[in-house]
Number of protein chains: 2
Amino acid sequence: MSTQTVKKDTHPFERAQLEALMTKRFFYTQAFEIYGGVAGFYDYGPSGAALQANILSHWRNHFIVEEDMLEVDTTVLTLADVLKTSGHVDKFADWMVKDTKSGEIYRADHMVENVIEARLKGDQEARAAAEGRAVDGPAPAPKTEEKKTKKKAKAAAVKLDDALVEEYKQTLARLDDFNGEQLGELIKKYDIRAPATDNEVTPPVEFNLMFESNIGPTGQVKGYLRPETAQGHFVNFERLLEFNNGRVPFASAQIGKSFRNEISPRAGLLRVREFVMAEIEHFVDPQNKSHPRFKEVAHVVVPLLPRETQESGSTEVVTKSLGDAVSTGMIDNETLGYFIGRIYLFLESIGINTQRLRFRQHMSNEMAHYASDCWDAEIHTSYGWVECVGCADRSAYDLTVHAKKTKRDMTVQEALKEPKVYEKYVPTINKKVLGPQFKKDARVVEEAILACDQERLRAMQGELEAGRTTVSAGGNEFEILPEHCTIELKTIKESIRSYVPNVIEPSFGIGRIFYALLEHSYWAREEDKDRGVLSLPPLVAPFKVLIVPISSNEKLSPIAREVSRRLRSAGITARIDDSSATIGRRYARNDELGTPFACTIDFASVSKGTMTLRERDTTAQRIGSIDEVIDVLKELCAGRLDWAGACERLGEYNGTQDVDQ
Amino acid sequence: MSTQTVKKDTHPFERAQLEALMTKRFFYTQAFEIYGGVAGFYDYGPSGAALQANILSHWRNHFIVEEDMLEVDTTVLTLADVLKTSGHVDKFADWMVKDTKSGEIYRADHMVENVIEARLKGDQEARAAAEGRAVDGPAPAPKTEEKKTKKKAKAAAVKLDDALVEEYKQTLARLDDFNGEQLGELIKKYDIRAPATDNEVTPPVEFNLMFESNIGPTGQVKGYLRPETAQGHFVNFERLLEFNNGRVPFASAQIGKSFRNEISPRAGLLRVREFVMAEIEHFVDPQNKSHPRFKEVAHVVVPLLPRETQESGSTEVVTKSLGDAVSTGMIDNETLGYFIGRIYLFLESIGINTQRLRFRQHMSNEMAHYASDCWDAEIHTSYGWVECVGCADRSAYDLTVHAKKTKRDMTVQEALKEPKVYEKYVPTINKKVLGPQFKKDARVVEEAILACDQERLRAMQGELEAGRTTVSAGGNEFEILPEHCTIELKTIKESIRSYVPNVIEPSFGIGRIFYALLEHSYWAREEDKDRGVLSLPPLVAPFKVLIVPISSNEKLSPIAREVSRRLRSAGITARIDDSSATIGRRYARNDELGTPFACTIDFASVSKGTMTLRERDTTAQRIGSIDEVIDVLKELCAGRLDWAGACERLGEYNGTQDVDQ
């Protein structure tokens with residue numbers, strides 16, 4: 001029952017219509033709306049909360065249950081020390097500028113980008129006007145979702161020098177490279193002003209994106225609301241490893257809220273200050289990133305946008321199987337490839353249109369401070385391509401810094417099947433002689449000898465056999481005699497290998513996926529662009545079945561309640577709509593809620609025990625006994641049957657009651 | 001398969017043993033432990049997170065799905081204005097005192113209580129010693145979980161005057177009544193000192209329990225981490241009402257984290273700074289608090305501790321059916337009674353021992369500032385009786401204050417079946433005459449006339465007929481003539497009734513329930529007090545089935561994986577333990593995890609396709625074909641079969657492999 005095949009959407013997508021539906025059917029709304037609201041905070045109503053809960057429930061099954069991941073639930077409020085070590089206190093910041101007169105604040109890179117793009121657009125218009133044609137080509141494709149905002153800069157249609165156009169384009173491409181000082185220089189050089197007022201702006205100032213708070217009554221313990229759930233996994237790594245019997249690989253997973261104090265959040269649910277994340281930290285041997293289940297996804301064909309393509313200036317995706325992508329080295333290893341495949345299958349199963357999905361590899365200049373490689377699942381929306389899932393190789397960064405700071409052992413001890421046997425030059429210091437002779441220098445001399453590499457030790461052995469050698473320590477050279485030190489070639493047998501695991505992190509922004517899914521699911525009936533439909537799959541639809549008594553006759557209501565009870569006991573959320581609205585209005589309301597099926601209780605339900613079943617996307621109806629229809633619904637909602645299959649099991653319905661057609 | 005019937009726990013409960021198990025099997029641990037930790041913050045590991053997720057999943061089914069509640073998910077970070085209106089900014093505070101020398105901070109009421117209780121205990125010991133007997137009676141029963149803390153005050157065995165003992169007891173009983181000044185007087189009067197150092201303490205200072213933060217880059221928008229989820233429901237009330245087609249009663253529900261900056265949190269999971277709540281706000285007609293489904297719980301017998309009993313100084317519960325409790329007025333109305341019943345059934349179903357559960361009505365002096373009545377579900381633990389679910393009637397408090405502050409209409413419009421018809425005196429002002437004659441006083445005169453009550457208007461009508469009347473406004477008396485105003489007796493017909501609904505709020509502290517459940521589930525095998533068992537019901541057990549290959553033989557592993565796959569696809573979480581530990585060790589480990597069932601894969605699985613099934617509490621084993629055992633497991637985990645039933649369907653097992661017995 002693909003949404004693509006049945007819908008007859010002849011209306012171009014209008015975001016305002018979707019947003020109106022979201023409010024009307026209470027999917028979400030601005031938080032504290034009655035108090036005027038605050039940018040970047042949203043509340044989810046019954047439809048939105050149910051949709052989100054269903055997405056998360058499927059996420060839990062698809063990832064945690066299916067792969068035996070270790071779920072954790074760690075605190076939101078995080079001790080400052082933890083985030084100092086992870087680098088967030090120092091580096092998790094954006095640059096902001098202030099309008100020198102109005103005081104309005106902008107994120108510096110967004111403002112520069114915004115203004116330059118507007119000027120380039122003005123240039124295009126001016127050139128087109130000179131040639132007597134309209135600008136029909138698109139403006140440079142927005143790279144992130146931030147571009148089309150309410151505060152979009154405008155520029156007059158002024159033709160620019162060809163050289164300046166080229167400079168502007170190069171600046172845009174390199175924008176992620178610039179630090180605050182460099183952004184300040186750009187602002188001066190190009191006379192970039194506040195878009196809203198055309199006033200000058202202050203030089204960029206760093207602004208940390210974490211919300212800060214004090215813990216306890218003394219105010220001396222500082223904490224931050226976590227900007228990601230990941231650190232909660234890392235600080236518990238030793239216990240998790242122990243829980244997994246000391247073995248790697250394993251993954252921990254966490255679903256929870258994170259917080260980022262965005263400078264100037266716009267773009268609806270796509271850039272918010274409080275959001276739900278679902279994060280997996282897959283701990284893996286750095287020398288062996290193969291994955292035992294990779295073969296299960298090797299055949300999956302995904303659209304990839306590797307680094308090289310982007311460097312060549314193209315955004316054309318390469319569509320290939322994950323097996324090929326890994327074997328050709330486009331994707332570094334099986335574990336990364338495996339998760340890309342699992343992410344793809346997850347997004348497809350909840351209803352994301354895979355024609356509007358791509359995996360884009362990060363350029364080296366845009367990766368987070370901890371990442372060594374990263375592929376983003378980007379979903380196309382009316383805001384452009386939006387990063388919805390990051391799949392990063394964080395290497396051993398986090399465990400290493402926490403281990404160093406806390407002096408904890410975060411290594412994995414692997415018993416080697418075959419002990420590693422090798423020969424090694426080993427120096428033995430004779431402290432009883434060395435100490436008295438070298439006195440205060442004894443320690444540095446000893447350290448210098450122990451620090452020598454194998455090649456130097458081999459040479460020193462030969463020299464000692466010949467009578468003497470030398471070692472440099474603390475800027476001086478010391479003469480070493482055989483009585484001070486002996487060097488032997490020993491056979492070493494290692495049966496334990498010790499290493500800090502690497503981390504592959506698939507990190508899901510649930511709110512962004514939620515919003516993209518709504519855009520992909522939304523369309524309007526051919527006959528009326530105000531009759532919106534959300535073609536959400538039964539798996540995630542907020543409510544699975546609408547039960548409609550055809551009238552307020554008292555004989556119908558007990559049947560409706562009984563059908564509702566039976567569906568509920570089968571785990572299917574059903575809602576009775578016994579309002580006085582017409583059947584057509586009630587169907588339309590539930591099309592807007594994305595409810596895939598509707599059961600209509602009419603007088604034949606009383607006399608013959610039948611019930612009709614309506615499918616949302618086609619509006620087609622079938623009929624059967626109440627038992628049959630409930631059985632079919634169980635199969636449909638479990639995804640074991642599609643609508644075509646349901647039509648084979650239920651009879652045609654040509655009732656006169658159908659006011660929906 | 002009641003836990004009470006099978007366990008042979010002859011060891012007294014030791015909290016330290018349970019806590020050691022919690023850490024060893026990673027149910028939970030102190031957050032940021034490797035950074036030294038911070039009091040009141042806990043991280044949940046895989047076993048704890050799974051147990052919590054299962055409790056919440058069942059909560060969602062038992063309440064939200066079963067009762068068609070409207071789930072919401074509102075922000076944690078809350079605009080200060082919202083919490084100012086709700087009263088939390090001004091009133092959500094405790095009193096704290098500081099040790100004048102060490103600077104250590106105490107919650108004032110807890111310190112007073114703590115020290116007085118210690119002195120009373122010392123008195124008892126002294127009296128006992130004088131009489132030559134040990135103190136065998138218990139100390140005054142702790143009312144809250146705070147009493148037995150690490151920093152428990154100690155007092156020498158000193159006999160006190162009888163009068164002082166009486167004064168102390170009365171003080172303890174009234175402790176919730178005292179404000180900061182009064183607590184300060186108590187501290188002076190009784191020379192109460194810091195328990196840890198015996199130093200003097202400062203006078204009590206108010207400390208607001210909300211974590212504060214700033215939103216946005218200007219620092220001018222203040223927010224708090226919500227101390228409860230409830231306000232998120234209330235500020236969205238209008239949309240929720242609209243979603244429910246304007247009808248009342250309906251309930252909204254929310255599961256999410258809340259935060260309270262406790263002054264000095266101890267007592268493990270029972271008093272924490274970050275915690276998961278599950279809250280229901282049931283909106284109801286204040287004139288009709290009947291509940292359509294009350295009859296479904298009327299027969300449920302619950303242990304009640306009403307206000308009157310407590311006022312008489314007793315803590316003996318009254319055990320009666322909810323039907324009786326409501327009809328006799330002990331519980332105020334059906335809706336409160338219904339939720340008390342549903343809460344009881346919920347707690348029972350997840351494994352709380354109902355012999356250690358009671359519903360205690362709040363005394364009038366201990367209710368929150370918004371509540372008009374409240375019954376707490378209290379669960380008995382080693383810390384004493386612990387409030388785990390509050391079931392409060394918040395009346396119309398919240399909606400009223402938010403409506404007033406934001407000037408929104410939060411009333412329900414009810415179409416009356418029978419229009420209400422009555423007569424009413426209605427004044428009509430003749431502004432054209434009144435205005436020019438009264439000039440600047442015209443407005444206050446008009447307002448004064450319109451503000452008159454019916455009795456006054458009736459009198460005025462008579463006076464006007466007689467020629468003149470008077471009205472007081474702004475401290476002056478004005479003469480009103482028939483040309484200024486006419487008063488008529490009109491027949492009024494009202495077809496709409498408008499009211500602000502009342503709110504019944506069942507509010508669940510999930511962490512407290514979680515901890516109480518662990519205490520109730522924990523016991524140790526008769527033969528060894530170190531062999532702990534958690535008798536968690538399959539419904540909530542973190543993992544349902546352990547799969548144990550009897551050896552590392554390569555023929556067993558594929559069978560184990562296949563059984564795991566089949567169970568998983570039936571929605572049953574199974575974990576394979578193929579570690580090298582003995583079977584007995586592996587069983588014992590999973591007894592500690594609360595895993596109710598274990599399947600053992602042995603060589604008969606290879607040759608005959610059989611598998612044994614072990615039950616955790618009895619350690620009994622049965623045998624059947626792999627298919628049979630999986631079918632039985634499905635029924636067991638769904639709660640459709642108990643162990644006795646399973647034993648009828650599977651054969652006896654007398655295998656020599658059973659090293660567990």
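## Basis of the report

Contact here means heavy atoms within 4.5 Å. By that rule, 82 residues of chain B are in contact with 82 residues of chain A.

The model is predicted: local features need pLDDT of at least 70, side-chain atom pairs count only at pLDDT 80 or more, and totals for chains, interfaces and linings use all residues. Residues are numbered from 1 along each chain as its sequence is written, chains are lettered from A and ligands numbered from 1 in the order in which they are written, and side-chain values use heavy atoms, with hydrogens and water left out.

## The interface between chain B and chain A

The size of an interface is often given as the accessible area lost when the parts come together. Buried area is the accessible area (1.4 Å probe) that two parts lose on being put together, summed over both. Between chain B and chain A it is about 6,700 Å², with carbon and sulfur atoms giving 60%. On the side of chain B, the residues that lose the most area to chain A are Ile34(B), Tyr35(B) and Arg239(B), together 12% of what that side buries.

Arg239(B) also takes part in a salt bridge with Glu33(A), in which the closest N and O atoms are 2.8 Å apart. A salt bridge is a side-chain nitrogen of Lys or Arg within 4 Å of a carboxyl oxygen of Asp or Glu, and the rule finds eight of them across this interface. There are also 29 residue pairs in polar contact between chain B and chain A, both residues being at pLDDT 80 or more. A polar contact is a pair of N or O atoms within 3.5 Å; within protein, one must be able to donate a hydrogen and the other to accept it, and residues adjacent in sequence count only if both atoms are side-chain atoms.

Helix H3 (residues 46-65) of chain B gives the most to the side that touches chain A, with seven residues. Helices (H or I, at least four residues) and strands (E, at least two) are DSSP runs, numbered from the N terminus. The residues on that side of chain B divide into 37 nonpolar, 21 polar and 24 charged. In this division Ala, Val, Leu, Ile, Met, Phe, Trp, Tyr, Cys and Pro count as nonpolar, Asp, Glu, Lys and Arg as charged, and the others, Gly among them, as polar.

## Symmetry of the two copies

Chain B is superposed on chain A by a rotation of 179 degrees with 0.0 Å of shift along its axis (RMSD 0.5 Å). The two copies are thus related as by a two-fold rotation axis. The superposition is by least squares on the C-alpha atoms of residues with pLDDT of at least 70 in both copies.

Of the residues of chain B, Ser213(B) comes closest to the rotation axis, at 2.9 Å (C-alpha). The same surface serves both copies, as 100% of the contact residues of chain B recur in chain A.

## Local backbone features

Most residues other than glycine have a negative phi, and most peptide bonds are trans. A cis peptide bond joins Val248(A) and Pro249(A), with omega about 5 degrees. Pro249(A) is in the loop between helix H10 (237-243) and strand S10 (250-259) of chain A. In chain B, the bond from Val248(B) to Pro249(B) is cis, with omega near 5 degrees.

Ala267(B), which is not a glycine, has a positive phi near 65 degrees. This residue counts as buried because its relative accessibility is 8%, where buried means under 20% relative accessible area, exposed over 50%, and partly exposed in between (1.4 Å probe, protein chains only).
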